[in-house]
Amino acid sequence: MLYRACKVMTHELGHMFGLRHCIYYECGMNGCNHIHESETRPLYYCCICYRKLQHAIGFDPWERYREIVKVCEEFGGLFENEAEWFRGRLADLEATFAALQSKYPQPTLGVKKN
Ligand SMILES: [Zn+2]
Ligand SMILES: [Zn+2]
């Protein structure tokens, strides 16, 4: 019941922030016409809907994924698979960030030398 409610809330919150039904990937924003489609719809958003939501409300992706992982672990049960998926996205983010940092190191801030 809690798992189904979270799926519906995730979907409806997406609509509240301007997202339409997703036709690109398996996604929490996929439309559904019957219970089977609702059951197979994931709790998470695809990469396209995720970026649309981030643009709409401006969250920090690391913080969002960390908090969602915590909640999924706390709920357990059906949320375990979702926690695994969100941990994977968090790992992807950290790997991408590390690769970008090594490719484009930040200039060190300090006293300008003449
Ligand atoms: Zn809808
Ligand atoms: Zn989507």
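pLDDT is the predictor's confidence in each residue, from 0 to 100. This is a predicted model, in which local features need pLDDT of at least 70 and side-chain atom pairs count only at pLDDT 80 or more, while totals for chains, interfaces and linings use all residues. Residues are numbered from 1 along each chain as its sequence is written, and chains are lettered from A and ligands numbered from 1 in the order in which they are written.

**Confidence**

The protein averages a pLDDT of 90. A score of at least 70 is reached by 93% of the residues. Helices here are DSSP runs (H or I, at least four residues), and strands are E runs of at least two, both numbered from the N terminus.

| Helix | Residues | Mean pLDDT |
|---|---|---|
| Helix 2 (lowest) | residues 35-40 | 78 |
| Helix 3 (highest) | residues 47-57 | 95 |

Where pLDDT is low, the predicted coordinates should not be read in detail.

**Overall form**

The protein has five helices and zero strands. Its pattern along the sequence is α-α-α-α-α. The radius of gyration is 18 Å, well over the 13 Å that the globule rule gives for 114 residues, so the protein is more spread out than a compact globule. That radius is taken over C-alpha atoms, and the rule is 2.2 Å times the number of residues to the power 0.38. The C-alpha trace spans about 70 × 30 × 20 Å along its principal axes.

An automatic or database domain assignment gives domain 1 (15-58) and domain 2 (60-100). Their C-alpha centres lie 17 Å apart.

**Cores**

Of the 114 residues, 18% count as buried. Buried means 20 or more other C-beta atoms within 10 Å of a residue's own, with C-beta atoms placed from the backbone. A nonpolar core joins buried Ala, Val, Leu, Ile, Met, Phe, Trp, Tyr and Cys residues through C-beta atoms within 7 Å. The largest has eight residues: L19, C22, C27, M29, Y45, C49, Y50 and L53. Another core lies apart from it, with six residues, among them Y65, V69, F79 and F86.

**Helix 5**

Helix 5 covers residues 79-103. Its 25 residues should span 36 Å at 1.5 Å a residue, and its end C-alpha atoms are 36 Å apart, which agrees. The expected span is 1.5 Å times one less than the number of residues. The buried residues of helix 5 are F79, E82 and F86. They pack against helix 1 (2-16) and helix 4 (61-75). An α-helix has 3.6 residues a turn, so residues three or four places apart point the same way.

Note on methods
Buried ≥ 20, exposed ≤ 12 C-beta atoms within 10 Å, placed from the backbone. Contact = placed C-beta atoms within 7 Å.
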